[in-house]
Protein chains: 2
Amino acid sequence: MSIITLGHGSGGKLTHNLIEDIFYKYFDNDILLQKNDSSILPKLEGKIAVTTDSFVINPIFFNGGDIGKLSVCGTVNDLAMSGAKPLYITVGFIIEEGFEIENLEKIVESISITAKNANVKIVAGDTKVVEKGSADKIYINTTGIGVIDKDIYLSGENAKPGDKIIISGSLGDHGVCIMSKRKNLEFDVSVKSDCNLLNELIEEILYTSNNVKVLRDPTRGGLATTLNEFASQSKRSISINEEDIPVKDEVRSMCEILGLDPLYIANEGKVVLIASKEDAQRVVEVMRKNPMGKDAQIIGEVLEDDKKIVSLKTDIGGTRLLSMPSGELLPRIC
Amino acid sequence: MSIITLGHGSGGKLTHNLIEDIFYKYFDNDILLQKNDSSILPKLEGKIAVTTDSFVINPIFFNGGDIGKLSVCGTVNDLAMSGAKPLYITVGFIIEEGFEIENLEKIVESISITAKNANVKIVAGDTKVVEKGSADKIYINTTGIGVIDKDIYLSGENAKPGDKIIISGSLGDHGVCIMSKRKNLEFDVSVKSDCNLLNELIEEILYTSNNVKVLRDPTRGGLATTLNEFASQSKRSISINEEDIPVKDEVRSMCEILGLDPLYIANEGKVVLIASKEDAQRVVEVMRKNPMGKDAQIIGEVLEDDKKIVSLKTDIGGTRLLSMPSGELLPRIC
């Protein structure tokens, strides 16, 4: 049988076959193979970081990745952003009846490869099948567990006036890649999603400086949303400079055509961080040595004032307020 | 606004409002309120148990519970079955555009109450919204973390010939409740789902005996599927007696009308376990003192032979093979 049927979600023979033939084939590790209701992990040293994320992206395959790679990167990156070393993830699938098993296998393989690259083990899983029309192909939840072995607490609250805002690279690549595929644009679009693992880059950053205040990946809502969260947590305003923000020419022109602002578009392989004035340049230099941070830039700073607003100094010398977005630019971007 | 819009899944202002007004209102605890990409848990002593489950049940409100209560019970029970003390859960929502916020709030409240009853904290969450027609109302993933502080390893592998099979109460209540609601049966059906927390009952069982070999909740696929898993793991056959298996009259007659077998129907508040011959009766007596185990029964035993089959001695003196089900009795039962 080459498609997923409701029987694959029944808990019976078809479910067991799917688990044996596909999941255990790619996700083989001693913990998952305990095959019990819960998986038992070895004792963990240090504080524990936990994060959960569901992925409903459309399309499920795109230039630079797929929903499987994305679902591991997203959760591994969220763990890394809190200063944790990612160790384990769980994977829950909700699959639409009629989904091709060949595509499921591609996604499962992609999850497996990405997890190996991130050095995390897939320790528990679940599969549900819903009737045709009750989901769009496949949705994936990943929940991640990591450990924090340093005495570190990263949060927007830590930001102080004078601290610098740093971005790891160009903005908008993921969102524009997905949007161009969805809009069926007639001209040739080669923008590749930046979907990638950031855990090594983050480890290098935190090794370089003890004065990193907060790290976050600007996914849904883009850089503008993340900076608004930082402003709200730190109770300070933030100012950034348009000329310092890296945006690829191709992304910029697509944004102009589509009437979008790259500062509000989702990224899946970028980190924005706040570091002390003294350490900022050193952090940027270390980041640039890693392929994931090669275009790192200082793009602005935390201000003295407590209005909690985010403003952009434009190329032409003006100032523009970057408010929190209220609507939805592009549903199902991740 | 009284319905969920795509904007609620954007990561922007509407998402933040939803989180503040609904999620933080019911899920308030110091860990969740860290408001960072990952939540930081205190150091955990002992081995760690992890489990994940997605809930896609239809209907989302039913006699005896709702998708919120179910999503906490299911994951807490899976942790308890491995001998773990459940401590933390994460909750991921996938919501269909147009879903009533009033119903979301009911579900969130139900999650909150059930989590408090189970003494677990909700430590991380995620919300995605998909277009109308890309989901059926609401799907919930819960991932649970617990600790095992005893030197215990529960698994079907531990079962030995002569060990007794014990069930905590009547079979089929959840499945028949859901099915009767779905089939819009004309006659009055008052069957209530058994959806409930089992962590206290399990704690009492494990406190009573060191000779419990394995515990499992017979959800999708029912008792027959669980016993087949035990037979496969232990490499032994299992025999059970129909006359000892508690099935409510109402459930039995509904099953006759619908042509179903209660041994294959999902339960959401029952445990099946294997205990040594010596301890079995004592375990049953302890179980009967807990409301969740008041109809506990020894229903059969592990046999010497290694054919790994499950058989039922019927009321009329015959023997019937209980094979692993291959199709789907009732999609979206949990």
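This is a predicted model: local features need pLDDT of at least 70, side-chain atom pairs count only at pLDDT 80 or more; totals for chains, interfaces and linings use all residues.
Visitor: How do you know that the copies meet through the same surface?

Guide: Of the interface residues of chain B, 100% are also interface residues in chain A, so the surface is the same. The contact takes 75 residues from chain B and 75 residues from chain A. B:Asp37, B:Val50 and B:Arg220 supply 12% of the area that chain B buries against chain A, more than any other three residues.

Visitor: Why is the pair A:Arg332 and B:Glu131 called a salt bridge?

Guide: The closest N and O atoms of A:Arg332 and B:Glu131 are 2.9 Å apart. The cut-off between a side-chain nitrogen of Arg and a carboxyl oxygen of Glu is 4 Å, so the pair qualifies. Across the interface of chain B and chain A, the rule finds 8 salt bridges.

Visitor: Why do strand β2 of chain A and strand β1 of chain B count as paired?

Guide: Pairing needs at least two bridges. Strand β2 (residues 47–55) of chain A and strand β1 (residues 39–41) of chain B are joined by 3 bridges, and therefore pair; they run antiparallel. In one of these bridges, A:Val50 has B:Ser39 in β1(B) as its partner.

How values were computed
Residues are numbered from 1 along each chain as its sequence is written. Chains are lettered from A and ligands numbered from 1 in the order in which they are written. Side-chain values use heavy atoms; hydrogens and water are left out. Contact means heavy atoms within 4.5 Å. Buried area is the accessible area (1.4 Å probe) that two parts lose on being put together, summed over both. Helices (H or I, at least four residues) and strands (E, at least two) are DSSP runs, numbered from the N terminus.
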